[in-house]
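Let me put the model on the screen.

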Amino acid sequence: MTNSKNIIVVGGDGFCGWPTALHLSGQGHNITIVDNMSRRAIDAKMGADSLTPLSSMEDRLLAWKEKTGLTIKFEKIDVAREFDRLRDLMATVKPDTIIHFGEQRAAPYSMKGVCEKRYTVDNNISGTHNLLAASVELGLDAHFVHLGTMGVYGYDDDGIEIPEGYLPVYIPGDNKKIFQRHILYPTNPGSVYHMTKSMDQLLFQFYAKNDHMRITDLHQGIVWGTQTNETRLDERLINRFDYDGDYGTVLNRFLMQAVVGHPLTVHGTGGQTRAFIHIQDTVKCLALAVANPPARDGKVAILNQMTETHTVRALANLVAETSGAKIANVDNPRNEAAENDLRVSNKTFISLGLKPVTLAEGLMDETQQIAAKYAGRCIRKMIPCVSTWTDNQRPGVIDPD
Ligand code: NAD
Ligand code: USQ
């Protein structure tokens with residue numbers, strides 16, 4: 001490959017980071033994974049585990065080397081708390097691109113209690129800022145690619161198509177003059193986790209303006225699926241599959257619930273509309289973002305990284321139809337609109353050539369190759385969502401028996 005880049009993948013042991021690191025390595029880039037392994041530690045503390053059996057980082061990297069002949073480096077560093085080690089690594093690697101997946105990413109976990117709220121804010125804001133500040137201090141010209149979220153915008157039911165980051169506003173001035181400005185699309189986060197992603201946006205706006213950093217912020221929808229072309233090469237490369245009440249995302253949870261005979265846990269009426277993307281497309285979008293850094297124009301490139309929108313109800317019906325699973329409408333443990341519409345522009349990735357995996361084609365594969373194969377590893381008591389947004393909400397627990 002002619003245009004091989006030095007890339008640091010922060011959070012490269014995680015669900016999105018691991019397959020991305022493999023894909024970019026396969027494309028000929030030099031990859032260094034940075035991860036503090038906090039995600040595995042949180043699972044151990046909660047008594048949860050990935051449905052798929054995860055190999056250690058050492059075994060993962062050995063398997064990749066055996067299968068492809070390619071080397072990926074790994075450094076165990078906490079980017080929020082070990083600034084000096086992080087800066088020294090960045091000085092050595094001299095990255096062309098830094099991809100930042102390394103945050104606490106579960107909304108329910110971030111609402112569990114005061115410890116989890118404080119951890120999520122401290123970890124996510126410090127980690128993001130340390131990476132930006134170290135880049136500037138070292139005079140690196142790295143393209144910074146961050147995984148943000150569609151959820152920063154909240155889910156107001158006003159029918160506006162969410163644009164790619166910026167909103168033209170018209171402000172009446174003196175003498176009937178109208179001023180036009182482009183502002184960041186207003187945020188309306190629905191959890192402490194989503195709030196940290198909204199705060200990240202201001203850090204990016206500042207560093208793009210003040211230090212002329214080239215920053216791409218990918219506002220990603222809910223990721224579903226497990227495997228990518230690279231993680232399928234060897235069982236030791238398998239990606240994680242979260243299904244517990246804090247980290248499991250809705251569609252993967254429903255797929256797993258269907259195969260273990262647990263009713264599908266639809267919160268409330270299931271009228272919440274959300275944006276979705278398959279993990280294979282996440283990986284492709286990252287490769288497209290890395291290959292297309294934005295201009296150094298003082299503005300953050302904000303791209304919506306999603307391919308389909310669905311209501312939770314429609315997803316449950318689809319999974320129930322294909323599997324025969326029952327649906328249980330449980331009390332919603334979250335503070336969110338019972339019903340909402342969602343329209344999102346994703347024109348940049350489509351114009352760059354993304355051809356999405358659709359729910360219709362990927363669903364059965366996922367159910368049979370992953371959920372059914374590893375169903376025996378399911379820890380049933382971890383299925384209910386017990387983190388509530390306020391003290392007076394009852395947890396959405398159901399007794400399937
Ligand atoms: P994940 O929890 O599986 O992976 C995150 C990784 O970052 C973990 O391996 C963890 O150990 C590491 N990490 C966390 N804090 C760190 C720190 N301080 N220092 C070093 N490493 C640290 O999460 P994921 O699903 O892969 O999500 C990755 C990113 O994508 C997150 O920022 C998330 O907000 C975003 N995102 C995820 C989804 C989704 O559905 N999974 C959807 C939209 C956006
Ligand atoms: N839900 C159910 N039943 C369940 C689990 C969830 O009905 O068993 C509902 C929730 O109430 C919510 C919707 O499904 O209305 C989505 O919940 P989720 O847990 O799948 O997704 P979310 O909390 O939004 O977070 C996930 C990732 C996060 C990412 C976000 C993208 O964990 O990292 O940022 O998706 S987005 O939703 O676009 O903001």
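Met37 sits in the loop between strand S2 (30–34) and helix H2 (38–46); helices (H or I, at least four residues) and strands (E, at least two) are DSSP runs, numbered from the N terminus. This is a predicted model, where local features need pLDDT of at least 70, side-chain atom pairs count only at pLDDT 80 or more, and totals for chains, interfaces and linings use all residues. Residues are numbered from 1 along each chain as its sequence is written, with chains lettered from A and ligands numbered from 1 in the order in which they are written.

Phi of Met37 is positive, near 60°, and Met37 is not a glycine. Most residues other than glycine have a negative phi. Met37 is partly exposed, with 14 other C-beta atoms within 10 Å. On that count, 20 or more is buried, 12 or fewer exposed, and in between partly exposed, with C-beta atoms placed from the backbone.

Asn175 also has a positive phi, about 50°. Asn175 lies in the loop between strand S7 (166–172) and strand S8 (178–184), and is exposed, with 4 other C-beta atoms within 10 Å.

Now the core. A nonpolar core here is a set of buried Ala, Val, Leu, Ile, Met, Phe, Trp, Tyr and Cys residues joined through C-beta atoms within 7 Å. The largest has 82 residues, and Val9, Val10 and Phe254 have the most contacts inside it. Helix H8 (residues 250–260) gives the most to this core, seven residues.

Last, the axes of helix H6 (residues 114–137) and helix H7 (residues 192–211) come within 9 Å and cross at roughly 15°; axes are lines fitted to C-alpha atoms, for helices over the stretch in contact, and angles run from 0 to 180 degrees between N-to-C directions.
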